[in-house]
Protein chains: 2
Amino acid sequence: MEDFQVGLIGFGTIGAGVVRLLRENEYVIKKRFGRRIRLKKIADIDVTTPRGVDVPDGVLTTDVNEILNDPGIKVVIELVGGYEPAKSFVLTAISNGKHIVTANKALLATHGAEIFNAANEKNVGIGFEASVGGTIPVIKTLKESLAANNITSFLGIMNGTCNYILSTMTEKGGDFSEVLKKAKKLGFAEADATFDIEGIDTAHKLAISVSLAYGKNVKLDAIYREGISKITQNDIEFARELGYRVKLLAIAIERGDAVEARIHPTMIPHDHLLSSVNSNFNAFHFNGDASGPVFLYGQGAGMMPTASAVVSDIIDIGRDCRTGISGRVPLRSFQEDDIDDVTFLPMDDIVTNYYLRFSAVDRPGVLSKISGILGTHHISIASVIQKGRKKEGAVPVVMTTHEAREKNMRQALEEIDKLDIVLDKTVLIRIENGALV
Amino acid sequence: MEDFQVGLIGFGTIGAGVVRLLRENEYVIKKRFGRRIRLKKIADIDVTTPRGVDVPDGVLTTDVNEILNDPGIKVVIELVGGYEPAKSFVLTAISNGKHIVTANKALLATHGAEIFNAANEKNVGIGFEASVGGTIPVIKTLKESLAANNITSFLGIMNGTCNYILSTMTEKGGDFSEVLKKAKKLGFAEADATFDIEGIDTAHKLAISVSLAYGKNVKLDAIYREGISKITQNDIEFARELGYRVKLLAIAIERGDAVEARIHPTMIPHDHLLSSVNSNFNAFHFNGDASGPVFLYGQGAGMMPTASAVVSDIIDIGRDCRTGISGRVPLRSFQEDDIDDVTFLPMDDIVTNYYLRFSAVDRPGVLSKISGILGTHHISIASVIQKGRKKEGAVPVVMTTHEAREKNMRQALEEIDKLDIVLDKTVLIRIENGALV
């Protein structure tokens, strides 16, 4: 049978990984797929930098049109990243009848509807397993393995940089800024890490996942998001004492016709599987109404793990091409007619448990004052830690609460932070128990 | 679009779960699949016992031919279990051009080649996600998500009964026989639990997984297998002290052209994800040469989790039917021409770490005698625990070893167990480190 021809746009780390994987595992891929995958062309603006992989003469080009206009090329692998020119490349390829495989979460989270609509019109496939959770089969699990389920909730550690930083702070100590420095040195964080540590990358992945889990158009900006830069070693230590670990979690919960979606540092029970996800690993914890919990774990990024997801998508689309079909599985998991705009539950209305760290003067009556205000706002206290004695300055008073409404919490903290016995803004970290069962 | 018609043979717990799931989640299934799944007929020899689900008039029958011969029924769901008459039902359905969805691991592990060949001849699909790991997408991950990888190893906790017993012994104490009694009471073990506790059920699942991971015909009996009935609270405690947990692991490791496959109680590091798999949960830890570790976790059995896998397979096959194709993904993961007989590495040749518990008299020179014999057989000791003093009878001497060859270990223990200072057969539990990275 003739080779299955694909073209690659973007010859960076992941691109080089795809080249290497197609070469090194050619034999096993052919034994499973039944055809050889031939990487016919690779386009990049930079064709001189060595990428650590051999490329036959004539394959490398600076002219992307050699891929976009080649009728022999069935699949275009877009690994340029970002919005433009990636978006134009993808849309041109689609309009030329080519299938797409991409790892570009930013593009799909922002312009997904436009791209999926274009693909549906031209009856081409879009493989994007690599865009969420790297090598972990998140997309396939949502679209296929859990297809018979209502997804009642899912929680994910979706960003390796954040997880590396928080795990290291937990295991080896150190404050955020010094651990971030170390992460950069080790290649676990980019020089400008804003995108990761502020949860923007996580938001892209959550937007895509919510869209697949619930059949919804998702506005990225509507997802509540807090990064990890304010997490202190202090809070990590108190979390440990309370039996928790701090993780940057992306959380989605079905709330009737609405979806609760939020990204923030979260305390989770230390003996939950998500707490054992260390270093730069990612993990996803789904709850289906029939399946019960399904937990998936692996490398969310990196050269070869991401290449593994990219090539599995090429094979998936290649299997459609081989049998002469397309649209076997809806691109966005649900039938297009059934997809509508998501309604997110307003943050004011979420109900969860809280960890609060007050910076209070060490004076009799402080605890009663704080707990009094919490009580007025229908917030009941689950535990209190108060340590140390200080003549001057603040001492930390740590509380965890039973379930409370975010709006009440916000109002209570506004009042508390105005008290003259409270010297600094109260630290709030949400605790997740419910959706983790 | 017209309903997708399926027939169910076997109206037990899982069968009732399928009926319930198709009814309760009809709406979300239709939104994903695009068609309604209509359960046209249910056949069982017993049509009088209440199953806790409503079945419309005319659907229930004692005559399996009403399903096997109905030209409108596209998929036959086989939930009879065991070898016969399940096998005959399946083969007849196939020869009538019907696709199969089954949870029957015993049937596939024993007669898989015959059934898959028949299916290939008639161009029908066989969905068997529910046969390994229940609701966990093990089959899809092996056949599709990791398709670009050489699977260098995989390890699994594949039996909920064993995991419940070992987890309970670890967390709450108690000896094997009393915990088994409790498991039976709670419905986590059958009245005759031999099948589970001797690792036979696990062997079925490992045989199926090995066949998919390596493209091999597997002889079930050739898989080395030890059950958990000899595990004592004593060993659980020593494991804890050494930083391990005891699990019944199914292990497969690629060894050149051979495969190392074995099932036995195994000590694994307490901080590994597999050690956090408690109660009756299952988990699978794959290592792909590109993907790195991929860990999957969920319910390996039970009414609704298994039904979730069964219905996801119906949808998968339904998607093929809808687009008018079959054979999109090879039934056994590899192209049929590429499948050959597996060569298992002889147990004598495996190399692993060991935990040994000697029942020795408490007398000077015992340790030197034992370690001397181990040394003669090229086995070096990693740690020793010796506790308690006893005037009469045996004291436990516990050792862990560095990597050693099984054959050497067997020979050494034969010599040691003949010593007059050793009063009972030495307990051996293998330790897994290597394949867990």
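Two strands are taken to pair if DSSP finds at least two bridges between them. On this basis, the predicted model shows an open sheet of six strands in chain B. The strand order is 3-2-1-4-5-6, and the pairing is parallel. Strand 3 (60–61) and strand 6 (126–127) of chain B stand at the edges. Each has a single partner strand, so one side of each is left without a neighbour in the sheet.

Strand 1 (residues 4–9) and strand 4 (residues 75–78) of chain B run parallel and are joined by four bridges. Within this pairing, Ile9(B) has Glu78(B) of strand 4 as its bridge partner. Gly7(B) stands opposite Val76(B), also in strand 4 of chain B. Strand 4 of chain B is likewise joined to strand 5 of chain B by four bridges, and these two strands run parallel. Here Val76(B) stands opposite Ile100(B) of strand 5.

Helix 1 (residues 13–24) of chain B touches strand 1, strand 2 and strand 4 of chain B. The direction of helix 1 makes about 155 degrees with that of strand 2 of chain B. Helix 12 of chain B also packs on the sheet, touching strand 1, strand 2, strand 4, strand 5 (99–102) and strand 6 of chain B. The direction of helix 12 makes about 160 degrees with that of strand 5 of chain B.

Helix 2 of chain B contains the buried residues Ile29(B), Arg32(B) and Phe33(B). Seen down the helix axis, the buried residues fall within an arc of 85 degrees, so they line one face of helix 2 of chain B. They pack against strand 2 (37–43) and helix 12 of chain B. Helix 2 of chain B is followed by Gly34(B), which has a positive phi, near 90 degrees.

Helix 2 and helix 12 of chain B also take part in the contact between the chains. This contact takes 51 residues from chain A and 51 residues from chain B. On the side of chain B that touches chain A, two or more residues each come from helix 2 (26–33), helix 6 (138–145), strand 13 (292–299) and helix 12 (303–323) of chain B. Helix 12 of chain B gives the largest share, ten residues. By type, the residues on this side of chain B comprise 24 nonpolar, 19 polar and eight charged.

Strand pairing also crosses between the chains. Strand 13 (residues 292–299) of chain A and strand 13 of chain B run antiparallel and are joined by three bridges. One residue pair here is Tyr297(A) and its bridge partner Phe295(B).

In chain A, Ile253(A) lies in strand 10 (residues 244–255). Ile253(A) has 21 other C-beta atoms within 10 Å. A residue counts as buried if 20 or more lie within that distance, and Ile253(A) is therefore buried. The C-alpha atoms of Ile253(A) and Leu155(A) are separated by 8.5 Å, although these residues are 98 residues apart along the chain.

Key. Residues numbered from 1 in each chain as written. Chains lettered and ligands numbered in written order. Predicted model: local features only at pLDDT ≥ 70, side-chain atom pairs only at ≥ 80, totals over all residues. Contact = placed C-beta atoms within 7 Å. Nonpolar A, V, L, I, M, F, W, Y, C, P; charged D, E, K, R; others polar. Buried ≥ 20, exposed ≤ 12 C-beta atoms within 10 Å, placed from the backbone. Arc of directions from axis to C-beta. Axes fitted to C-alpha atoms, helices over the stretch in contact; angles between N-to-C directions.
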